[in-house]
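Hi everyone, thanks for making time for this. I'd like to walk you through one protein, strand by strand, so please keep the picture in view while I talk.

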Amino acid sequence: QAEDGIRDIGVTGVQTCALPIFAIPAAGIVGPMGHVYGVDVQAGMIEHLRGEIDRRQIPNVSVLLSTESRVALPDETADIVFIAMVLHEVDDPVAFLGEAGRLVKRDGAIAIIEFHKRDDLVDGPPMAHRVSVGELTGLATLAGLKVGLTTDLTDRFYLTKLTRDIV
C-alpha cells in the first residue's frame, strides 16, 4: 500500500550517492503499484543508481539521464518531485523549477531540501552558491510555483514545499 496515496515520485540529485540514498527508499514508499523516476544530469550517477537497483532487484525505479531544464517524461508524471541539495548547483534555477512544475501533478508537490545560507555553517557548498529561503521563494514565484511550508530539517538543511500555482 502506497503511503498517503503517493504513487509516483521523481527524485533528482547531483551529489555523489544522492540518488540511491533517496530513490531506493522512495521505491518502498510508493509500493509495488507506484513508480520512482531517478533523474540526474551526470551519467556516472545514473550508472551508479542503475547498478544499485539491479543489485537489489528493485522493479519500480526507472533511471533517466536529463538536462537541467528538460526531463524526458510527460507532463504531470509525479505526485511528488523531490529535489535534494541540487538547486544551488543549477545554472538556471527558474527553468529548473519550471520543469519540476511541469512534471508534478496538479494536486502534487515539489519538495526541495537545500543548505541554509548562513555564515556560521562551514560545511557544504560555498556561501555564494547557496540558496536562501527568501531566494528560493523568489525563484519559485518566477517559475510560476506557489511556496508552501518551509521547515528546518537540521541546523544545516531546510525543506520547502512548492505546488503548482493553479488559478
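One term before we start: two strands count as paired if DSSP finds at least two bridges between them. Also, keep in mind that this is a predicted model.

So, how confident is the predictor? The mean pLDDT of the protein is 86, and 88% of the residues get to 70 or more. Where pLDDT is low, the predicted coordinates should not be read in detail.

Okay, let's go to strand 2, residues 35-40. Are its residues buried or exposed? Well, 6 of its 6 residues are buried. His35, Tyr37 and Val39 point one way, while Val36, Gly38 and Asp40 point the other way.

Who does strand 2 pair with? Its partner here is strand 3, residues 61-65, and the two run parallel over 5 bridges. If you want a spot to look at, find Gly38, which sits opposite Val63 in strand 3. Helix 2, residues 43-56, belongs to this picture too: strand 2, helix 2 and strand 3 form a right-handed β-α-β unit.

Stay on strand 3 for a moment, and look at Ser62, which lies in it. Ser62 has a relative accessible area of 25%, so we call it partly exposed. Ser62 and Gly38 are 24 residues apart in sequence, yet their C-alphas are 6.1 Å apart in space. Leaving out neighbours within four places in sequence, Ser62 touches His35, Val36, Tyr37 and Gly38.

Now over to strand 5, residues 104-115. Here 9 of the 12 residues are buried, so strand 5 is largely enclosed by the rest of the structure.

Which strands pair with strand 5? One of them is strand 4, residues 78-84, which pairs with strand 5 in the parallel sense over 6 bridges. There you can see Ala84 opposite Ile113. Strand 4, helix 3 (residues 93-103) and strand 5 also make a right-handed β-α-β unit.

Strand 5 is also joined to strand 7, residues 157-164, by 6 bridges, and these two run antiparallel. To find that pairing on screen, look for Glu114, whose bridge partner in strand 7 is Tyr158.

So, to wrap up: strand 5 runs parallel to strand 4 and antiparallel to strand 7.

Terms used: Residues are numbered from 1 along each chain as its sequence is written. This is a predicted model: local features need pLDDT of at least 70, side-chain atom pairs count only at pLDDT 80 or more; totals for chains, interfaces and linings use all residues. Side-chain values use heavy atoms; hydrogens and water are left out. pLDDT is the predictor's confidence in each residue, from 0 to 100. Buried means under 20% relative accessible area, exposed over 50%, partly exposed in between (1.4 Å probe, protein chains only). Helices (H or I, at least four residues) and strands (E, at least two) are DSSP runs, numbered from the N terminus. A crossover is right-handed if, with the strands pointing away from the viewer, the path from the first strand over the helix to the second runs clockwise. Contact means heavy atoms within 4.5 Å.
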